[in-house]
Amino acid sequence: MSRVILVVDDSPTMRGMVSHALNEAGFETTEAENGKDALIKLTTMEVGGAKPDVIVTDINMPEMDGIELVREIRKLSAFKHVPVLVLTTDNTDEKKEVGRAAGATGWLVKPFDSELILKVIRKVLP
Amino acid sequence: MNGDYSKFLQTFFEEVTEHLSVLESGLLTLEQNPNDVEVLNRIFRSVHTIKGAGPMFGFTTMSRFAHEVETVLDPLRNRKFSATREIIDLLLESADCLKMLVEAAKNGTVIDENKTMLDLEARLETCLIIPAPAPDQKATSGPPSTAPTAPAPVTSVHRTYQISWIPGEDLFQRGLNPLKLFEEMGRMGTVRSCVLSASRLPDLTELDPQRCYLSWTCTLETDYPREDIESVFEFAATPGGLTITSLPSSSAAAQPTQEPDPQLAHSVIDEEDDPRLAEVFFGQRSDSLGVILVEQRAVTPAQLVKALDRQETLRAKAKEQKVEASMRVDTEKVDKLVNLVGELAITQSMLSALGGRFEIEHLPILQERLLQLERNTREIQERVMGIRMLPISTAFSRFPRLVRDLSAKMKKKIQLVISGEETELDKTVIEAIGDPLTHLLRNACDHALEPPEERVVAGKPEQGTIRLNAFHEGGKICITVEDDGRGLNRDKILAKAIKQRIITGNDILSDDQVWALIFRPGFTTAEELTDVSGRGVGMDIVKRNVEELGGLVSIKTVTGRGTTFTLSLPLTLAIIEGMTIRVGQDKYIVPLLSILESIQPKADMVKTLIGKGEGVNIRGVFYPIVRLHEVFDLQPEHKNPEEAILLVLEVEGERVVVMVDEILGQQQVVIKSIEENFRKVDGVAGATILGDGTVGLILDVRGLMKLARQEQSIAV
């Protein structure tokens, strides 16, 4: 069974490209437009008995941003241990620290290198 | 950058276009309400997305510029500043520049730095310099972004960077001197250390003295942001060859408040082949940075070559990729269409079942099925046309900005009220209507609306209002541009028209005829020419553009109260309402819009005037007659105008009478281009398939007039 990755980004281009890179490598992907949408998708996935193995999220999104999403995920018993990788243009130490403190597993920078993303994902896969 | 993302290029441009319009409309909203955080967040996200996605396709200049804009937006949305008029002006200019960069990228042209951009960048960097810290700044954690005494860009923070630079081997051949770069870097702050690495040096036998095998690692303490350091290496760095790591400075060393899941943290600390992983996992190995750097050097040459190759192929591909014309369609529209096609298939199978064993008593059923088929077809036709329909807001969206800029330029207070922007019409019409509307709005701002003082004297509010409205009316779209300005001045227009010899002083014209004069080429009443309008080009072009779309322009005006221009346009260009006519054995279609009336003249109405040829006198006005059978060389049924039918046609304000044998009826016709399949035929606008399956030619009224004029001159 292939591994499922939830890709959260408000930009359809970005979402498409990340999913594309992951699909090419044999991962299955589900997409969400923002933090809130991601939480809804997670709940549906949980009901359906399919949990994402890794979550890749943008930070700057409407409705609910990536940092808040990570905080929310870490509160949910079903998803507490799912690795969450942040994929963002922000590369400041301050922001990274906020992400780390919120419970993000890793910090990837846009423009992304798909090889690096895949390497990181393989690394964090449970 | 790797992988084949070129197929996302189209999506990217569509998305960016949306973001750009969000940016512009957002900035205009912001001007009214500078503290709208919601809007600020929205435009920030738009710029942010452009910045993030741009480099994925190699649009680094676009991304860098977006970054500059973002650095101004960020403190705004964090309420460290409020958006002043100057800042909004600057941001609007930047939005224009960004738009230009996007356009350039779309066309495949590479724009490096140009003056506009560099100038804007410099202004963006300095526009938020503050004389004193904002009051709420102390409350925020982390280093203060600005020292109260030393004015500096908000983004600047005193930081230490570790700069690892592995230049391309062709560094010297490209005429670059590393020493200069280090000197420049030295001017930005204090270089704490500079370590030379010779690990890439090959054996002496293989060494090419013209190549650079060296690399450097420096530590720099500076006030400048990372981008500035990057810009030092801009020309010298090869992709992946420059790594700038910011080292924790004493002030920024905030301690983690909450431990991440230990299990997760543990799983990622140990052995690693890719040094970049260390950064991904929040520098878990930052204590052994030296080791990582060594590793990095070891892997880099190979990686570099690979990355370069990839970039080269991607660039080549991106160039090949032509940006096709595409549009976004609401999924709902597509779903409904799929549904309808399903129904069509059912009707078809019912019909063929019926046809397989047809007996005459089944005729009522056949008729019923055919009716159903007709309904399906019509509905599908409507829906397919609907796919091409876009809300007119796409055309209207640029006008608030236009009016804002014009009002600033002309020092008038102008308010633009837009309504009906959800009205849908054909994409082609929307694209073509932008220019005529721009002309009308410019004219309204420049000519129609009075300066504030004059308005006050006239007892009107100081602020002028222009209303832009779109609505459906009887299968057409009407767009009105209404101003509450001075209105058209009959005497002034007449005087000007006489002066320009368009009319003579003896002509007696109705109001409508006077207003129509402003559509004459070269006509202007402006006493002085401004660079906004009044160069005499404009109104005639407006009229011509609208008529090319099969539409009409009309004017209503009240002196002292204002003017309303109404553009009535067909919903689509692919289908027209046509009148089928017959000349001898041949059928033709005349566009319904151009038919004013049809008459059967009495013998005394038809006269031949010297110099004007054959014509007909209708209610005192003499119109030339064009005998269609003569133009197309046909054998007509009637050669005598009293027996034939005369159609009065109008195009571009000119009227002509066309003589035909019979009017057959009105029908919607789908235009098929002849030019595309054959060649241009004078007097014919296109072809269509008539109800009986034969081909009918659609008459080009303007072309006919030209043909008629030629005939006349030959005859004379």
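Which residue in β19(B) is the bridge partner of Leu646(B)?

A note on the model: it is predicted, so local features need pLDDT of at least 70 and side-chain atom pairs count only at pLDDT 80 or more, while totals for chains, interfaces and linings use all residues. Residues are numbered from 1 along each chain as its sequence is written, with chains lettered from A and ligands numbered from 1 in the order in which they are written.

**View 1. Strand β19(B) and its two partners, β17(B) and β18(B).**
Met659(B) is the one paired with Leu646(B). Strand β18 (residues 645-651) of chain B runs antiparallel to β19(B), with seven bridges between them. Strand β17 (residues 621-627) of chain B pairs with β19(B) in the parallel sense over three bridges, and here Ile625(B) sits opposite Val657(B). (Strands are DSSP E runs of at least two residues, helices are H or I runs of at least four, both numbered from the N terminus; two strands pair if DSSP finds at least two bridges between them.) β19(B) itself covers residues 654-660, and five of its seven residues are buried. Buried here means 20 or more other C-beta atoms within 10 Å of the residue's own, exposed means 12 or fewer, and partly exposed is in between, with C-beta atoms placed from the backbone.

**View 2. Chain A, with its five helices and five strands.**
Follow the sequence and you get β-α-β-α-β-α-β-α-β-α. Chain A has 126 residues, and 51% of them count as buried.

**View 3. The buried face of helix α5(A).**
Look in α5 (residues 114-124) of chain A for the buried Ile117(A), Val120(A) and Ile121(A). Seen down the axis, the buried residues fall within an arc of 100 degrees (taken from the directions from the helix axis to the C-beta atoms), so they line one face of the helix. They pack against several elements of chain A, including β1 (4-8) and α1 (12-24), and also against α9 (276-280) of chain B.

**View 4. Helix α1(A) against helix α1(B).**
The axes of α1(A) and α1 (residues 9-32) of chain B come within 8 Å and cross at roughly 155 degrees. Axes are lines fitted to C-alpha atoms over the stretch in contact, and angles run from 0 to 180 degrees between N-to-C directions. The two helices are therefore roughly antiparallel, a label for angles over 145 degrees. Pro12(A), Thr13(A) and Gly16(A) meet Thr11(B), Phe12(B) and Glu15(B), contact being C-beta atoms, placed from the backbone, within 7 Å.

Note on methods
Two residues are in contact if their C-beta atoms, placed from the backbone, lie within 7 Å. Angles under 35 degrees count as roughly parallel, over 145 as roughly antiparallel, 65 to 115 as roughly perpendicular and the rest as oblique.
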